[in-house]
Amino acid sequence: MKDLNILLGVTGGIAAYKSAELCRLFVKAGARVQVVMSQAATEFITPLTFQTLSGRPVHVSMFGRVESGVEHIDLANSAELMVVAPATADYLARAATGRASDLISSVTLAFAKTVLAAPSMNTNMWNNPATVANLATLASRHGWHFVEPGAGELACGTSGAGRMAEPSEIFAAASALARRDMEGLRLLVTAGPTVEDIDPVRFISNRSTGKMGYAVARAAARRGAHVELVSGPVNLPHPAAVECISVRSALELEAEVRARASSCDAIVMTAAVADFRPAAIAPHKLKKAPGEDERTIALVRNPDILAGLGALYGEAKRPLLVGFAVETQDLLEAAKAKLAAKKAHLLVANLASDGFGGDTNRAQIIDRGGNARDTGKVSKDALADLICDSILEKLLG
Ligand code: CTP
């Protein structure tokens with residue numbers, strides 16, 4: 001936390017008073033805190049409280065006094081971490097839809113680094129599918145982190161989930177996000193499916209979303225690593241501070257990985273590489289012939305990229321090779337066999353029923369010694385951090 005620049009966003013809920021304590025904890029830990037409040041938040045606690053605690057003027061209005069530059073952009077560029085506590089249902093809805101209707105939402109929209117939000121609202125608002133969808137969007141599309149509200153007595157007189165997490169919990173989550181323990185390391189991450197063309201309009205691919213690989217890239221970059229992300233076609237935004245390389249086929253992916261491998265400390269192969277590709281790509285759209293009831297497409301084997309890296313670097317300590325395996329049965333045995341066959345250093349294995357396509361996963365992180373770490377069911381972002389922890393352990397151990 002020392003010398004970390006934190007933007008502390010405070011939106012209009014009764015829990016705003018607790019954020020004064022959060023601000024104090026950040027300042028005490030040596031962080032530089034810049035507070036941005038929504039107009040509604042000032043109804044619950046005065047800017048003067050935060051100004052006194054942070055030692056800096058508090059920003060509230062879009063058209064306040066500005067020394068120079070453009071206020072919301074300067075604010076967004078001024079910090080490495082944004083913590084929004086409390087985050088109201090309305091604020092989260094605006095953030096999820098990219099609204100910029102006041103200063104705090106404009107700063108949020110312009111902020112390209114790590115965001116941690118501590119929602120606070122009535123139980124029905126928290127459980128409302130609209131709020132659930134907004135949080136899912138912010139987590140999966142924008143990589144936001146959340147300190148989930150606890151259950152208890154709420155200001156509205158009811159009892160249930162929705163009460164903002166305690167300042168100490170939010171502080172701990174922010175500290176974990178502020179870690180820079182991967183500084184100096186170079187990571188190569190592959191993600192998404194590969195697409196194997198049949199003709200100019202048809203292809204063979206798979207349902208990989210790329211979420212896991214993008215989460216690993218984000219986590220490692222946030223923790224200070226230099227990250228190159230080689231990705232097949234996915235529907236995800238490029239993570240901030242990550243060098244992104246787009247590929248389509250397994251052969252393209254292999255070429256990009258091979259060109260970069262030797263300068264990396266670790267290679268994380270989350271990509272779902274197609275095992276086969278059409279033997280030839282037809283230059284023109286294939287036509288069906290009258291009466292043609294069956295069509296056979298000849299496929300040839302794609303290189304096993306991870307096994308190829310294993311043959312080159314499997315005996316060395318670096319680059320550390322991390323493979324992934326999705327299985328439908330006999331998870332541990334299949335994963336251990338795969339790790340050995342491909343000469344990977346680590347293998348992250350999960351059952352298809354636990355994680356494919358979704359935002360959570362449960363995996364076993366297996367090493368060559370046969371040790372398996374069960375991650376339990378966690379968000380893909382949390383799993384990404386656990387994978388980074390295992391990589392660090394192996395590289396430094
Ligand atoms: N992999 C690779 N090149 C391939 C296939 C897979 O580098 N041609 C990598 C993936 O990125 C992943 C791991 O190997 O890290 C997955 O291995 P594997 O289970 O062999 O992939 P599957 O296609 O799922 O294998 P199988 O169908 O035999 O279970």
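Residues are numbered from 1 along each chain as its sequence is written, and side-chain values use heavy atoms, with hydrogens and water left out. Because the model is predicted, local features need pLDDT of at least 70 and side-chain atom pairs count only at pLDDT 80 or more, while totals for chains, interfaces and linings use all residues.

**Stop 1: the ligand**

The shell consists of Met269, Ala271, Val273, Asp275, Pro303, Asp304, Ile305, Leu306, Gly323, Phe324, Lys338 and Lys342. Sorted by class, these are seven nonpolar, one polar and four charged residues. Here Ala, Val, Leu, Ile, Met, Phe, Trp, Tyr, Cys and Pro count as nonpolar, Asp, Glu, Lys and Arg as charged, and the others, Gly among them, as polar.

Now look at the polar contacts (N or O pairs within 3.5 Å; within protein, one atom must be able to donate a hydrogen and the other to accept it, and residues adjacent in sequence count only if both atoms are side-chain atoms). In the side chain of aspartate 275, an N or O atom is 2.7 Å from a ligand oxygen. Leucine 306 has a polar backbone atom 2.8 Å from an oxygen of the ligand. For phenylalanine 324, a polar backbone atom is 2.9 Å from a ligand oxygen. Taken alone, the ligand exposes 580 Å², and the protein buries 73% of that. Accessible areas come from the Shrake-Rupley method with a 1.4 Å probe; for residues, only the protein chains shown count as cover.

Colour the elements that give two or more residues to the shell: helix H11 (305-313), strand S16 (320-327) and helix H12 (331-342). Helices (H or I, at least four residues) and strands (E, at least two) are DSSP runs, numbered from the N terminus.

**Stop 2: the loops beside H11, S16 and H12**

Select glutamate 315 and lysine 343. They form a salt bridge, with the closest N and O atoms 3.3 Å apart. A salt bridge is a side-chain nitrogen of Lys or Arg within 4 Å of a carboxyl oxygen of Asp or Glu. Glutamate 315 is in the loop between H11 and S16 and lysine 343 in the loop between H12 and strand S17 (346-351), so the pair ties together parts 28 residues apart in sequence. Glutamate 315 is exposed at 68% relative accessibility, and lysine 343 is partly exposed at 36%. The classes are buried (under 20% relative accessible area), exposed (over 50%) and partly exposed (in between), with a 1.4 Å probe and protein chains only.

The loop between H11 and S16 also holds proline 319. The peptide bond from arginine 318 to proline 319 is cis, with omega near -10 degrees. Move on to aspartate 330, in the loop between S16 and H12. Aspartate 330 is not a glycine, yet has a positive phi of about 45 degrees. Its relative accessible area is 51%, so aspartate 330 counts as exposed.

**Stop 3: further salt bridges**

The structure holds 27 salt bridges. Select arginine 202 and aspartate 199, whose closest N and O atoms are 2.5 Å apart in a salt bridge. Arginine 202 is partly exposed at 34% relative accessibility, whereas aspartate 199 is buried at 1%. Then select Arg179, Asp181, Arg222, Arg223, Asp385 and Asp389, which a network of salt bridges links.

**Stop 4: a nonpolar patch**

Show Ile14, Tyr17 and Phe44, which make a nonpolar surface patch of about 320 Å². Patches are made of residues with over 30% relative accessible area and no salt bridge; like charges are joined within 9 Å, nonpolar side chains (Val, Leu, Ile, Met, Phe, Trp, Tyr) within 5 Å. Phenylalanine 44 is in the loop between strand S2 (32-37) and helix H2 (47-54), and is partly exposed at 41% relative accessible area.

**Stop 5: backbone details**

Select alanine 85 and proline 86. The peptide bond from alanine 85 to proline 86 is cis, with omega near -5 degrees, and proline 86 lies in strand S3 (residues 81-87).

Which residue has a positive phi of about 60 degrees although it is not a glycine? Select alanine 241. Alanine 241 is in the loop between strand S11 (226-231) and strand S12 (243-246), and is exposed at 72% relative accessibility.

Finish with serine 140 in helix H7 (residues 129-142).

Notes. A residue is near a molecule or strand if one of its heavy atoms lies within 4 Å of it.
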